[in-house]
Amino acid sequence: MYVEDDRSGEEEQYNPEHNLFYTAPVQLIVETSNQTDSLSWRNIFITEKSYKTFAWYQFPIWYAVPGSVDKIREQGFDVFDDIIDHSYDNETDPLHRMDKVVAEAHRFSNKDTVALRQTHWQRLQNNAQLVDYISKTAFTVQKQKAKKLQDELHQLYKSKTSISA
């Protein structure tokens, strides 16, 4: 199991050089948003940590604010609910959630994760393909949304200035 967290240096975070990151079948993702660190986001905030897990064909377990796993599901990712118990995602008490995450990480890591990876390879591939699609289309989608917002603001401005004239 590989654990990605905010203590990683920037170079390691964006360009890890060790094989463990790429070959570990499971990753415990410590997202930037959580409820125990007063300096971090307290709302759902999905970062590259989650996407890297999918891009590298790994099973994900998250320590993040409640609802984060649901947000990932909404994006179309398979979070392997049939083999990973993500019920921790509904726990609102941060210390109980941490205990549940650790217990699930321990339970899942005691399975033959290499065999599970082989069994579920097609699903892992589908997640990696979704990351690839998102990375290729994100700029265009954001550009379209920005243009739409700009047009709406321009129309609002025009309507306000025509009323006062």
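User: What share of the chain is buried?
Analyst: Of the 165 residues of the chain, 36% count as buried; buried means under 20% relative accessible area, exposed over 50%, and partly exposed in between, with a 1.4 Å probe and protein chains only. Keep in mind that this is a predicted model, where local features need pLDDT of at least 70 and side-chain atom pairs count only at pLDDT 80 or more, while totals for chains, interfaces and linings use all residues. Residues are numbered from 1 along each chain as its sequence is written, and side-chain values use heavy atoms, with hydrogens and water left out.

User: How many helices and strands does the chain have?
Analyst: There are 7 helices and 3 strands, where helices (H or I, at least four residues) and strands (E, at least two) are DSSP runs numbered from the N terminus. Starting at the N terminus, the order is β-α-α-β-α-β-α-α-α-α.

User: Which residues touch the most other members in the largest nonpolar core?
Analyst: That core has 23 residues, and Phe-54, Phe-59, Ile-61, Trp-62, Ile-83, Ile-84 and Phe-108 touch the most other members. A nonpolar core here is a set of buried Ala, Val, Leu, Ile, Met, Phe, Trp, Tyr and Cys residues joined through side-chain atoms within 4.5 Å. At least two residues of this core come from each of strand E2 (26-30), strand E3 (59-63), helix H4 (68-74), helix H5 (94-109) and helix H7 (121-164).

User: Why would there be a core like that?
Analyst: In soluble globular proteins, nonpolar side chains tend to be buried together.

User: What is Ile-83 in contact with?
Analyst: Leaving aside neighbours within four places in sequence, Ile-83 is in contact with Phe-59, Glu-104, Arg-107, Phe-108, Lys-111, Leu-116 and His-120. Contact means heavy atoms within 4.5 Å.

User: And Ile-29, buried or exposed?
Analyst: Ile-29 is buried, at a relative accessible area of 0%. Ile-29 sits in strand E2, and its C-alpha atom is 6.9 Å from that of Pro-60, 31 residues apart along the chain.

User: What about Tyr-57?
Analyst: Tyr-57 also isn't a glycine, yet has a positive phi of about 60°. Tyr-57 is in the loop between helix H3 (48-55) and E3, and counts as partly exposed at 24% relative accessibility.

User: Which residues is Arg-123 in contact with?
Analyst: Beyond neighbours within four places in sequence, Arg-123 is in contact with Asp-78, Phe-80 and Asp-82. Arg-123 belongs to helix H7 and is partly exposed, with a relative accessible area of 22%.
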